[in-house]
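Q: I am new to this structure and would like a close look at one part of it, the sheet and the helices around it. Could you walk me through that part slowly?

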Amino acid sequence: MKTLAIISQKGGAGKTTLALNLATAAERAGLATAVVDLDPQASAKGWHDQRQQESPVVISAQAARLPEVIETARAHGAELVLIDTAPHSESAALAAARAADLILIPCRPGILDIRAIATSADIVSLAKKDAVVVLNAVPPQGHLHEDAEQAIQSYGLAVAPTRLVQRAAFVHSLTVGQTAVEFDPLGKAAAEIIELYQWICSRVDIPTRASVRKTA
Ligand SMILES: Nc1ncnc2c1ncn2[C@@H]1O[C@H](COP(=O)(O)OP(=O)(O)OP(=O)(O)O)[C@@H](O)[C@H]1O
Ligand SMILES: [Mg+2]
């Protein structure tokens, strides 16, 4: 079983969007997947309540119980666990980071978002785990992401080769209890998620059983 922690001390960076989109991509690739929602606002859990299907399971939990929750998921056959975290809670983010095989840090390409990455970089150092920043909500035009990548690398963090662009499909899909690969399987948002998912799989050695891209 592999565990991915999604952390960012900045609110609205895209933690829940990334967690749920990667979780459904993993399910489509044939992996039994669980999302652990450490955010007291329970956005991921609320998304799951709206769905017509059980998978991926979403478990609301408190950070203090994270090791037990992960062990229970493993005992129930989970092959991939994604931990969605709250902003402004460094202790919960550190607990998630310590439990992870890979830490994902979504970051918008704005200067305030990039400055906030310093806290996440500190958490990564404390956890001593592999980490990568995922640029999110990047404008479809222009070169803002290039400056952002340079600034992020100056904090000693790697940047994932796939960026998520600002796209309506990311917003609308979550609103109806879906994600990009379900809402518009052949769209650009889905393509970005599939590319990112596959890159993560090769980085942490997650097996691929089926093609993520399905039209229904
Ligand atoms: N790539 C994107 N394109 C368009 N909208 C996006 C994108 N990523 C996230 N959003 C939107 O931005 C808002 C914040 O995203 P999200 O809830 O995933 O962030 P978060 O980091 O989980 O926030 P919080 O810190 O409050 O938990 C949501 O309305 C979401 O739909
Ligand atoms: Mg969230």
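A: Let us begin with a term: two strands pair if DSSP finds at least two bridges between them. Helices (H or I, at least four residues) and strands (E, at least two) are DSSP runs, numbered from the N terminus. This is a predicted model, in which local features need pLDDT of at least 70 and side-chain atom pairs count only at pLDDT 80 or more, while totals for chains, interfaces and linings use all residues. Residues are numbered from 1 along each chain as its sequence is written, and chains are lettered from A and ligands numbered from 1 in the order in which they are written.

Now to the sheet. Seven strands make up an open sheet with parallel pairing, and their order is E3-E2-E4-E1-E5-E6-E7. At the edges lie strand E3 (57-60) and strand E7 (158-159), each of which pairs on one side only. Inside the sheet, strand E5 (residues 102-107) runs parallel to strand E6 (residues 131-135), and the two pair over five bridges. In this pair, cysteine 107 stands opposite leucine 135 of E6.

Helix H1 (residues 15-28) packs on this sheet, where it touches strand E1 (2-6), strand E2 (33-37), strand E4 (80-84), E5 and E6; the direction of H1 makes about 165° with that of E4. Here axes are lines fitted to C-alpha atoms, for helices over the stretch in contact, and angles run from 0 to 180 degrees between N-to-C directions.

H1 also has a helix partner. It packs with helix H10 (residues 188-204) at an angle of about 75°, the axes being 10 Å apart. H1 and H10 are therefore roughly perpendicular to each other (angles under 35 degrees count as roughly parallel, over 145 as roughly antiparallel, 65 to 115 as roughly perpendicular and the rest as oblique). On the H1 side, Asn21, Leu22, Ala25 and Ala26 meet Ile193, Ile194 and Tyr197 of H10; residues are in contact if their C-beta atoms, placed from the backbone, lie within 7 Å. This contact has six nonpolar, one polar and no charged residues (Ala, Val, Leu, Ile, Met, Phe, Trp, Tyr, Cys and Pro count as nonpolar, Asp, Glu, Lys and Arg as charged, and the others, Gly among them, as polar).

Of the 20 residues around ligand 1, Gly11, Lys15, Thr16, Thr17 and Pro87 come nearest, where near means a C-beta atom, placed from the backbone, within 6 Å. The shell holds eight nonpolar, nine polar and three charged residues.

Next comes helix H4 (residues 90-99), which packs with helix H6 (residues 117-127) at about 45°, their axes 9 Å apart. H4 and H6 are therefore oblique to each other. Glu90, Ala93, Leu94, Ala97 and Arg98 of H4 meet Thr119, Ile123, Val124, Leu126 and Ala127 of H6, a set of seven nonpolar, one polar and two charged residues.

H4 has a contact with helix H3 (residues 66-75) as well: the axes come within 10 Å and cross at roughly 40°. Leu66, Pro67 and Ile70 of H3 make this contact with Ala95, Ala96 and Ala99 of H4. Its residues divide into six nonpolar, no polar and no charged.

Notes
Two residues are in contact if their C-beta atoms, placed from the backbone, lie within 7 Å.
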